[in-house]
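Grab a pencil and have a go at these exercises. Try each task yourself before you read its solution.

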Amino acid sequence: MEKKELPRLAFFSFTCCEGCQLVVLSCEDELPDILSLVKIVNFREAMDQKSDVYDIAFVEGSITKAEEVRKLKKIRKNARVVVALGACSSTGGLNCLKNRWPMEEVKKEVYGKDALRSELFATLPTRAIDEIIQVDYYLHGCPISKKEFLNLTTSLLLGKRPDTTNHPVCVDCKMAGNTCVFEKDMTCVGPITRAGCDAICVTYGAICWGCRGLVDNPNTDAHAETLKRHGLTADAVMRKFSLYGTCKTRKC
Amino acid sequence: MKKNLNIKIHEITRVEGHGNIVIDVKNGKIKELKLEIIESPRFFEAMLRGRRYDEAQHIMSRICGICAVSHTSASLKAIESAMDIKISKQAELLRKLAFYGETLQSHILHLFFLVLPDLAGVGSIVPLLASHPELARTGLELKRLANDICAVVGGRHIQPISLFPGGVVHTPKPKELKRLREALAGSFEGLDRMLAFLNDHPVQEFNLKREYISLKDRGEYGLYNGDPVSSNGYAFKPESYTKKIKEYVVEHSAAKHARTKGTFMVGALARLNNSFRQLSPRAKAAAKKAKLTVPSYNPFLNNIAQLVECYHSTEKAISVIDKLLLMGPKPEPVKKPKAWGRGFGVVEAPRGTLYHEYKINKNGLIEKAVCIIPTAQNLRSIEDDLRSFVPELLGRPKAEIARAVEALVRAYDPCISCSTHIMDVKFA
Ligand code: SF4
Ligand code: SF4
Ligand code: SF4
Ligand SMILES: [Fe+2]
């Protein structure tokens, strides 16, 4: 008698803080239900098992080493679906800040005269995973939103096409009823940043740092109303967009 | 007894980050023994250089998802000490509450998700849901509560939003604080359940005398505040940590090792050893029930020490909430910088003392940054332990030795992703 095989999920982690994995681990309420629908075969942080047979691979972290390039390509070969899990993976995230300097200098700064002593200290300029392999779906954010993770996973399990967001954070921000931070003399990259986070950083008193990356076409998709009101252009805001995802918006 | 043994554990599971254990014994002598740290280094120093001071805490908290509040706190303290900013009483209480929340988050994650499977002889928390449903559910509930504390204060349970230079930019509502208070007061039962379980699983007898360093605070158990002290009887100011703690490069580790005059350990056990008397009443009672007396030189007891700190953090979180409710939390503007220069920020992260040091120029840009991570400070101690522990095990089957060795490394709760995000730049 053959039992229906459960879809196999695998989680992989490259250069990052592993915070996005923790968002996944924090689905305390949903975890038992999810576990009845899938089999998790790789999750180094939480379990002993390791396997090369899986359907959906969630990849967290940026690529900064030759070894990671090799492993990533292998994941692409093994998986039916590859999902970029979080900013580090989907745009390069904060790790791109390192690319502002030559790698030799970066390494020397940390390891000093020992910089060449070990292969373990080697580093490449930061890349998002889709600069190396083809990616099927993206979960943006630093960290990802739990709601989006659960929605995407459910859609994939049901064989539905997951929704993607391409409106600017300002739209979410207005819905959340926030006062625009430009009125408090602060600056914000919300007008050109891809929403889906309910503008949580503005709601909690800070600014939008742009962690979810740019909307598809900043020049046409930006939040015109906010820009106009504060005498800004998408380009001017984009120049400020230097904390996240500089790997993809600029040559570096 | 075995004369030869060769163990290579590739990518130790159920630890934070990527590491290998390599052990080679020939003719009963250890030829090679190392904890290889293979995590990719991230070069935060280069990431931070030239950025504005009020981006620093946001960038630095991404060193580690597990101890993001600790990195944020150390970062804010360094910024505020460099720029002569004094935060309000309310802001300090809110930051402490988030801090206790993270201590709980991290210890509970470690004890229930990473250690418990070892003790129950399974590979992850998943089978525990079937074999030990009550305990596994307790773990999930305690974890959710700890997440909730961080989310109420910080806006999100991972990577806090509202902790900002000059204060805290979000004010929780009394209703939310009361909800947390109630849940915290009801959470001791869950901790008791874990304590009973740990008591039923006596730890490996293994003792190695060494130095313990942790922060010592005047009025209370050193976690969020305090100056470093050593069990060897000396203390030092955060500003002079580079004189006492020396970092050095080893080839098999992307994270640097650290030493004082010799090997030292940081973390829950170090804190308990140095500040036991300042623990909260329930924490002391829990230590007594677990028959943990200080000083203790058994690294396996770090797990119990973490549980004892869960009691402490829960009681302290309740008392912070009471103070906040009494004051009636209200929105406050952040305090503005008044100066620039060098600043130091030190806290007890869940895994031990965490140092941040920045140099900020008059335009408010970060010129230099240094950061010493708890796990990096423990790597030498872990290897020392393994070196004396492995010979004691040689009579056992290889698989059992491998499991025991992994359990020892795991008892330190190493945060490898954190430890490789090293920056060490000497100030000219
Ligand atoms: S995207 Fe952010 S939270 Fe997620 S792993 Fe990277 S640094 Fe951590
Ligand atoms: S600019 Fe920022 S604060 Fe203003 S509406 Fe847009 S997201 Fe909100
Ligand atoms: S508000 Fe901006 S920085 Fe915050 S989560 Fe959303 S996209 Fe990221
Ligand atoms: Fe960490």
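The model is predicted, so local features need pLDDT of at least 70 and side-chain atom pairs count only at pLDDT 80 or more, while totals for chains, interfaces and linings use all residues. Residues are numbered from 1 along each chain as its sequence is written, chains are lettered from A and ligands numbered from 1 in the order in which they are written, and side-chain values use heavy atoms, with hydrogens and water left out.

**Exercise 1.** Work out why strand S3 of chain A is largely enclosed by the rest of the structure.

Step 1: Find S3(A) at residues 56-60; a strand here is a DSSP run (E, at least two residues), while a helix is a run of H or I, at least four residues, and both are numbered from the N terminus.
Step 2: Check burial, where buried means under 20% relative accessible area, exposed over 50% and partly exposed in between (1.4 Å probe, protein chains only).
Step 3: Look at both faces: Ile56(A), Phe58(A) and Glu60(A) are buried on one side, and Ala57(A) and Val59(A) are buried on the other.
Step 4: Five of the five residues are buried, so S3(A) is largely enclosed.

**Exercise 2.** Find the pairing partners of S3(A) and follow the chain over to S4(A).

Step 1: Strands pair if DSSP finds at least two bridges between them.
Step 2: S1(A), residues 8-13, runs parallel to S3(A) with five bridges, and Leu9(A) sits opposite Ile56(A).
Step 3: S4(A), residues 81-85, is also joined to S3(A) by five bridges in the parallel sense, with Val59(A) opposite Ala84(A).

**Exercise 3.** Which chains surround ligand 3?

Step 1: Collect the residues with a heavy atom within 4 Å of the ligand.
Step 2: Among them are Cys197(A), Trp209(A), Arg212(A) and Arg156(B).
Step 3: Residues come from chains A and B, so the site is shared between chains.

**Exercise 4.** Describe the domains of chain A.

Step 1: An automatic or database assignment sets the bounds, giving domain 1 (8-158) and domain 2 (169-249).
Step 2: Taken over C-alpha atoms, their centres are 25 Å apart.
Step 3: Their contact (heavy atoms within 4.5 Å) takes 19 residues from domain 1 and 13 residues from domain 2.
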